[in-house]
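The sequence and the structure are shown first.

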Amino acid sequence: MRITGGSAGFLDATVLVLIWLTKQTVGSVWLSAPEVVTVANGGSMTVACRYDPWYKGYTKYWCRGAVYILCNIEATTTWDGGRSFIADNKEAGVFTVTLTSVRYRDEDVYWCVIKQFGGDIKTPVQLQVSDTVTEVRPTDDTTALNQDEIGWWATLRWILFILMLGCLISTHIAVWRIKTAKKKKNMSATTTSPSQVTSVNNYE
């Protein structure tokens, strides 16, 4: 099988695309939050955004706006936004967003966000405001299930990464061997052997 420089570049690009797709596919599991939160008018909202421990050193955001790329950052783990602030429990793998003095005008789509190079990890939260609210807390079994899912995907992430890295290394080794063999072949073709020189002299 002959692999040209262009093919090798294509394979490299394919591996990078696969890594990006894998990250986007499991991103919603690396970060989870309730889809809808209902808060009493004038009360306080608290949202728990659970994340993979891999991201404990990353900056977290709380962003407002239906379209993520146009959303307005309300608070981060490095600064508070007035009524909004974030507390990051890195050991538990959860950052908690609090919004005080909630009003009807606060109804909107918000985002739990982990800032990272190459594309943020995010999950939406719909905030609804009502005069009467019945608070529903997740059971311990549900919380444990979410943590198990995050841990399982964390393991899968490393398996996929190692497989892709192995594929990339194998491709580079194959290309290097082919180039080396081709270079040796070209050198042999351009070098005249001693027997050929002797044959030419005897003929003269």
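## The setting of strand β7

Is β7 largely enclosed by the rest of the structure or largely open? In this predicted model, 5 of the 6 residues of β7 are buried, so the strand is largely enclosed by the rest of the structure. Buried here stands for a relative accessible area under 20%.

The position of β7 in its sheet can be read from the strand order. An open sheet of 4 strands runs β1-β3-β7-β6, and its pairing is antiparallel. The edge strands, each of which pairs on one side only, are β1 (31-32) and β6 (84-89). In this order β7 stands between β3 and β6.

## The two partners of β7

On one side, β7 (residues 94-99) pairs with β3 (residues 45-51) in the antiparallel sense, over 6 bridges. Within this pairing, Ala-48 has Thr-96 of β7 as its bridge partner, and Arg-50 stands opposite Val-94.

Asp-88 has Phe-95 of β7 as its bridge partner. The two strands β6 and β7 form a hairpin with 4 residues between them. In that turn, Gly-93 has a positive phi of about 70 degrees.

## A nonpolar patch on the surface

Val-67, Ile-69 and Leu-70 form a nonpolar patch on the surface, and together they have about 360 Å² of accessible area. One of these residues, Ile-69, lies in the loop between β4 (60-64) and β5 (72-76).

Is Ile-69 buried or exposed? Its relative accessible area is 73%, and Ile-69 therefore counts as exposed, the cut-off for that class being over 50%.

## The chain as a whole

The protein has 3 helices and 9 strands. Along the sequence these elements follow the pattern α-β-β-β-β-β-β-β-β-β-α-α.

What share of the 204 residues is buried? Buried residues make up 29% of them. The protein exposes about 13300 Å², of which carbon and sulfur atoms supply 60%. Among contacts between residues at least 6 apart in sequence, 63% join residues at least 24 apart.

How values were computed. Residues numbered from 1 in each chain as written. Predicted model: local features only at pLDDT ≥ 70, side-chain atom pairs only at ≥ 80, totals over all residues. Heavy atoms only, no water. Pairing = 2+ DSSP bridges. Patch = residues over 30% accessible without salt bridge, like charges linked within 9 Å, V, L, I, M, F, W, Y side chains within 5 Å. Areas by Shrake-Rupley, 256 points an atom, 1.4 Å probe, with all protein chains shown as cover. Salt bridge = Lys/Arg side-chain N within 4 Å of Asp/Glu carboxyl O. Buried < 20%, exposed > 50% of the residue type's maximum accessible area, 1.4 Å probe, protein only. Contact = heavy atoms within 4.5 Å.
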